[in-house]
Amino acid sequence: MPETVSLTLIGKPECHLCEDARVIVKSVMADLEGEPSAPTIALEELSILDDSGLFEKYVEEIPVLLLNGRVHNIWRIDAARLRSAILDAR
(Lines give C-alpha, C1' and ligand atoms only; values in the text may rest on other atoms or scores of the structure.)
Protein backbone atom coordinates (compact mmCIF):
# COMPACT_ATOMS: atom_id res chain seq x y z
CA MET A 1 0.00 0.00 0.00
CA PRO A 2 1.43 3.43 -0.90
CA GLU A 3 2.40 5.67 2.00
CA THR A 4 0.73 8.98 2.75
CA VAL A 5 2.11 12.20 1.31
CA SER A 6 1.41 15.23 3.46
CA LEU A 7 0.64 18.57 1.82
CA THR A 8 0.33 21.77 3.84
CA LEU A 9 -1.02 24.85 2.09
CA ILE A 10 -0.19 28.03 4.01
CA GLY A 11 -2.03 31.20 3.05
CA LYS A 12 -4.68 33.58 4.30
CA PRO A 13 -8.31 34.44 3.54
CA GLU A 14 -9.05 36.72 0.59
CA CYS A 15 -5.71 36.01 -1.09
CA HIS A 16 -6.21 35.38 -4.81
CA LEU A 17 -2.88 33.55 -5.20
CA CYS A 18 -3.84 31.33 -2.24
CA GLU A 19 -7.15 30.48 -3.89
CA ASP A 20 -5.38 29.72 -7.18
CA ALA A 21 -2.97 27.42 -5.32
CA ARG A 22 -5.85 25.63 -3.55
CA VAL A 23 -7.59 24.97 -6.88
CA ILE A 24 -4.41 23.53 -8.42
CA VAL A 25 -3.58 21.38 -5.38
CA LYS A 26 -7.11 19.95 -5.21
CA SER A 27 -7.10 19.32 -8.96
CA VAL A 28 -3.83 17.38 -8.74
CA MET A 29 -5.19 15.42 -5.76
CA ALA A 30 -8.36 14.54 -7.70
CA ASP A 31 -6.31 13.54 -10.74
CA LEU A 32 -4.17 11.17 -8.67
CA GLU A 33 -7.07 9.75 -6.66
CA GLY A 34 -7.85 6.98 -9.12
CA GLU A 35 -4.26 5.96 -9.86
CA PRO A 36 -3.30 2.67 -8.21
CA SER A 37 0.37 3.68 -7.91
CA ALA A 38 -0.41 7.03 -6.28
CA PRO A 39 0.06 7.49 -2.55
CA THR A 40 -2.67 8.66 -0.22
CA ILE A 41 -2.55 12.46 0.00
CA ALA A 42 -3.40 14.35 3.16
CA LEU A 43 -4.01 18.10 2.77
CA GLU A 44 -3.92 20.56 5.66
CA GLU A 45 -4.63 24.25 5.14
CA LEU A 46 -3.21 26.81 7.55
CA SER A 47 -3.66 30.58 7.73
CA ILE A 48 -0.83 32.90 8.65
CA LEU A 49 -3.47 34.98 10.46
CA ASP A 50 -4.01 32.16 12.97
CA ASP A 51 -0.35 31.52 13.81
CA SER A 52 2.18 34.26 14.59
CA GLY A 53 5.10 31.94 13.82
CA LEU A 54 3.75 31.18 10.34
CA PHE A 55 3.00 34.87 9.86
CA GLU A 56 6.57 35.90 10.68
CA LYS A 57 8.09 33.16 8.54
CA TYR A 58 5.86 33.34 5.44
CA VAL A 59 4.07 36.71 5.32
CA GLU A 60 5.95 37.77 2.16
CA GLU A 61 5.77 34.36 0.47
CA ILE A 62 2.17 33.12 0.60
CA PRO A 63 0.88 30.88 -0.61
CA VAL A 64 3.43 28.34 0.49
CA LEU A 65 3.01 24.64 -0.21
CA LEU A 66 4.87 22.18 1.97
CA LEU A 67 5.27 18.59 0.82
CA ASN A 68 6.07 16.25 3.71
CA GLY A 69 7.08 19.27 5.79
CA ARG A 70 9.47 20.81 3.25
CA VAL A 71 8.80 23.84 1.06
CA HIS A 72 7.72 22.66 -2.38
CA ASN A 73 6.61 26.00 -3.86
CA ILE A 74 5.86 29.58 -2.97
CA TRP A 75 3.53 32.03 -4.73
CA ARG A 76 2.51 29.85 -7.71
CA ILE A 77 1.96 26.11 -7.88
CA ASP A 78 2.80 24.21 -11.06
CA ALA A 79 0.42 21.25 -11.41
CA ALA A 80 2.82 19.02 -13.37
CA ARG A 81 5.68 19.66 -10.95
CA LEU A 82 3.43 18.96 -7.94
CA ARG A 83 2.10 15.75 -9.48
CA SER A 84 5.64 14.55 -10.14
CA ALA A 85 6.79 15.46 -6.63
CA ILE A 86 3.88 13.59 -5.04
CA LEU A 87 4.61 10.45 -7.08
CA ASP A 88 8.33 10.70 -6.31
CA ALA A 89 7.64 11.17 -2.58
CA ARG A 90 6.26 7.65 -2.22
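**Disulfide, helix packing and backbone features**

The structure holds one disulfide (a pair of cysteine sulfur atoms within 2.5 Å). This is a predicted model, in which local features need pLDDT of at least 70 and side-chain atom pairs count only at pLDDT 80 or more, while totals for chains, interfaces and linings use all residues. Residues are numbered from 1 along each chain as its sequence is written, and side-chain values use heavy atoms, with hydrogens and water left out.

The disulfide joins cysteine 15 and cysteine 18, with sulfur atoms 2.4 Å apart. The link of cysteine 15 and cysteine 18 is right-handed, with 75° about the S-S bond. Cysteine 15 has a relative accessible area of 13% and is therefore buried (under 20% relative accessible area; exposed is over 50% and partly exposed in between, with a 1.4 Å probe and protein chains only). Cysteine 18 is also buried, at 3%.

Helix α1 spans residues 16–33 and helix α3 residues 79–88. Helices here are DSSP runs of H or I with at least four residues, strands are runs of E with at least two, and both are numbered from the N terminus. The axes of α1 and α3 come within 10 Å and cross at roughly 50°. Axes are lines fitted to C-alpha atoms, for helices over the stretch in contact, and angles run from 0 to 180 degrees between N-to-C directions. The two helices α1 and α3 are therefore oblique to each other (angles under 35 degrees count as roughly parallel, over 145 as roughly antiparallel, 65 to 115 as roughly perpendicular and the rest as oblique). The contact (heavy atoms within 4.5 Å) involves Ile24, Val25, Val28, Asp31 and Leu32 of α1. From α3 come Ala79, Leu82, Arg83, Ile86 and Leu87.

Histidine 72 lies in strand β4 (residues 70–74). Its relative accessible area is 10%, so histidine 72 is buried. Beyond its neighbours within four places in sequence, histidine 72 contacts Leu65, Leu66, Leu67, Arg81, Leu82 and Ala85.

Most residues other than glycine have a negative phi, and most peptide bonds are trans. The peptide bond from isoleucine 62 to proline 63 is cis, with omega near -5°. Proline 63 sits in the loop between α2 (52–58) and β3 (64–67). Asparagine 68, in the loop between β3 and β4, has a positive phi near 50°. Asparagine 68 is partly exposed, at 36% relative accessibility. Tryptophan 75 also has a positive phi, near 65°. The loop between β4 and α3 holds tryptophan 75, which is partly exposed at 43% relative accessibility.
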